[in-house]
Amino acid sequence: MMHKLKLNNSLTRKKELFKPINPNSITMYACGPTVYDDPHVGNARTLVVFDILFRVLKLIYGNNIKYVRNITDIDDKIIDISKKRKIPIEKITSEVTKIFHQDCDNLNCLKPTFEPKATDHIKEMIEMTSSLIKKKFAYEKNKHVFFSVASFKEYGKLSNKNLEELKSGSRIEVSDLKKNPMDFVLWKPSDDKDPGWDSPWGRGRPGWHLECSVMSEKYLGKNFDIHGGGLDLIFPHHENEIAQSCCNNSTERFANYWIHNGFITMNKEKMSKSSGNIVSITDAIKKYSGQVVRLALLSAHYSQPLDWNEKLLDNQSETIDKWYNVYENSEDQSPLEIAETLLDDINTPGFIAKIHELYNQAKKGDEKCKKLFNSACRLLGLFNLDKNEWNSFKKNKFNISEDFIIEKINKRLIAKKNGNYSLADKIRNELLDNGILIEDKKNETTWKYK
Ligand SMILES: [Zn+2]
């Protein structure tokens with residue numbers, strides 16, 4: 001099929017025409033969550049961005065897409081939180097994974113083809129570590145195994161920095177055991193109380209970077225099409241994945257295209273657990289619905305930062321509300337002709353602007369535009385709630401009965417009749433605070449959800 005999917009490749013820092021290794025089997029890997037605490041809106045952006053890319057690839061290449069998104073269920077952060085809360089690790093990881101899956105469903109993300117867990121691949125991680133030692137890319141020291149970055153001359157290529165620049169620009173784990181401070185851990189020993197697996201270097205556990213090298217190879221092969229994740233993963237996580245895989249496999253390329261999404265900010269500061277300025281996906285969905293959160297996440301280009309605030313969410317909510325006037329869940333396929341904007345490096349804001357235009361034409365009665373509007377909304381993954389579900393969502397959200405609203409409106413009418421305009425305004429604002437917008441028409445007052 002003819003297409004012109006262009007992607008901005010972080011590896012070459014150029015917008016490139018996407019050329020798959022095998023057009024009959026497209027391969028994509030996105031780094032998934034570390035399941036230690038409720039996922040937040042910053043994590044949701046990666047989910048939704050790669051979901052859109054997955055949908056676009058399906059549109060072009062059909063269903064032959066292998067999309068892998070891993071679950072990190074062994075990590076120091078998980079161990080720490082388990083100790084702090086005195087809850088077993090398995091309980092934490094299974095509960096957070098469940099919440100994560102519910103969030104994905106509510107955001108209307110398609111299921112990845114494979115969702116491997118790190119703890120199911122310890123054997124392969126031990127094998128890769130042994131092999132890297134054998135090939136002299138890694139060394140053992142005091143029950144630890146480190147990757148020797150000096151053994152890989154391409155190290156730093158993805159982040160476009162040399163070793164010295166990387167060293168000065170990042171917080172690196174200091175350890176007397178390392179030959180070079182930039183070396184990173186492949187395997188480390190575990191205390192008796194901590195989770196651990198038997199290995200040639202004693203009882204221990206893998207370093208985080210290793211799992212993605214192992215699992216991408218297992219499910220997608222030594223060289224695959226697309227790899228991605230949040231911008232903060234470029235260094236050291238992705239740089240380390242490349243080093244491990246290319247050295248072990250004697251390959252020049254690991255993934256051909258690297259895609260990184262920008263941060264979510266709040267008041268211009270990056271949303272992150274460590275800064276403490278987070279909104280959980282579940283809370284955002286509860287307040288605004290999954291589709292409104294989804295549209296908000298797609299309202300900026302994926303490579304740009306996106307500021308999370310009430311105005312942004314209210315605007316998306318109004319848009320969705322308006323679009324329900326025209327949207328119909330018909331069976332027409334998403335035609336490639338409307339996807340042009342998306343094919344240009346997943347330009348979602350441009351595509352959303354197109355949907356607004358189609359909406360305006362459809363509202364004037366243009367049937368063709370209406371069909372295209374429906375297809376475009378579906379391609380974006382919107383309208384997973386039907387109109388009734390949406391209306392009842394809004395009703396529940398505000399948790400106010402109709403009787404209450406009508407009573408307030410009547411009180412306000414009496415206040416106005418008596419010339420008590422300050423009371424009338426007070427009632428109007430009170431309703432507004434509860435998400436109810438009232439409008440005075442000729443002889444009556446109408447109301448709607450904000
Ligand atoms: Zn990864």
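**A chat about one predicted chain**

Me: Is Lys143 buried, exposed or partly exposed?
Reply: This is a predicted model, and the values here are computed from it. Lys143 has a relative accessible area of 48%. Buried would need under 20% and exposed over 50%, so with its 48% Lys143 comes out as partly exposed.

Me: Where is Lys143 found?
Reply: Lys143 has a phi near 70 degrees, a positive value in a residue other than glycine. Strand E5 covers 138-141 and strand E6 covers 144-147.

Me: Asn160 isn't a glycine, so what is its phi?
Reply: Asn160 sits in the loop between E6 and helix H5 (163-169). With a relative accessible area of 49%, Asn160 counts as partly exposed. Its phi is positive, at about 60 degrees.

Me: Zooming out, how many helices and strands does the chain have?
Reply: The C-alpha atoms fill a box of roughly 90 × 55 × 35 Å along the principal axes. Within the chain, the count is 16 helices and 15 strands.

Me: What share of the 450 residues is buried?
Reply: To count as buried, a residue needs a relative accessible area under 20%. The chain exposes about 22,200 Å², and carbon and sulfur atoms supply 48% of that area. As for the residues, the buried share of the 450 is 51%.

Me: Of the contacts with a separation of 6 or more, how much comes from residues 24 or more positions apart?
Reply: A contact here means heavy atoms within 4.5 Å. Take the contacts in the chain with a separation of 6 or more, then pick out the ones between residues 24 or more positions apart. Their share is 75%.

Me: Which residues is Leu57 in contact with, leaving aside neighbours within four places in sequence?
Reply: Set its neighbours within four places aside, and you're left with Leu5, Phe18, Ile26, Met28, Gly62, Ile65 and Ile226.

Me: How are the rings of Tyr359 and Phe373 arranged?
Reply: The chain holds 15 aromatic pairs. For this one, the ring centres are 5.9 Å apart and the planes are at 55 degrees. Stacked needs under 30 degrees and edge-to-face over 60, so at 55 degrees the pair is tilted.

Me: Which helices hold Tyr359 and Phe373?
Reply: Tyr359 is buried at 4% relative accessibility, and Phe373 is buried at 0%. The two are 14 residues apart, and their pair links distant parts of the chain. Tyr359 lies within residues 348-363 and Phe373 within residues 367-379, which makes the helices H12 and H13.

Me: And how are the rings of Trp390 and Phe393 arranged?
Reply: Both residues are buried, and they are three residues apart in helix H14, about one helical turn. Their ring centres are 5.9 Å apart with the planes at 15 degrees. Since the cut-off is under 30 degrees, this pair is stacked.

Me: Which residues do ring pairs link into a cluster?
Reply: Trp390 and Phe393 both belong to the cluster.

Me: Which ring does the charged end of Lys179 sit over?
Reply: Another lysine makes this kind of arrangement too: the charged end of Lys270 sits over the ring of Phe263, 4.5 Å from its centre. For Lys179, the distance to the ring centre is 4.3 Å, and the ring is that of Tyr139.

Me: How many disulfides are there?
Reply: A disulfide is a covalent bond between the sulfur atoms of two cysteines. Cys246 is buried at 5% relative accessibility, and its closest cysteine sulfur, in Cys247, is 7.0 Å away, too far for a bond. For the whole chain, the disulfide count is zero.

Me: Which helix is Pro236 found in?
Reply: The peptide bond from Phe235 to Pro236 is cis, with omega near 0 degrees. Pro236 falls within residues 234-249, and that helix is H7.

Definitions and conventions:
Residues are numbered from 1 along each chain as its sequence is written. This is a predicted model: local features need pLDDT of at least 70, side-chain atom pairs count only at pLDDT 80 or more; totals for chains, interfaces and linings use all residues. Side-chain values use heavy atoms; hydrogens and water are left out. Rings of Phe, Tyr and Trp (its six-membered ring) pair if their centres lie within 6.5 Å; planes under 30 degrees apart count as stacked, over 60 as edge-to-face and the rest as tilted. Helices (H or I, at least four residues) and strands (E, at least two) are DSSP runs, numbered from the N terminus. Buried means under 20% relative accessible area, exposed over 50%, partly exposed in between (1.4 Å probe, protein chains only). A charge sits over a ring if NZ of Lys or CZ of Arg is within 6 Å of the ring centre and within 35 degrees of the ring normal. Accessible areas come from the Shrake-Rupley method with a 1.4 Å probe; for residues, only the protein chains shown count as cover. A disulfide is a pair of cysteine sulfur atoms within 2.5 Å.
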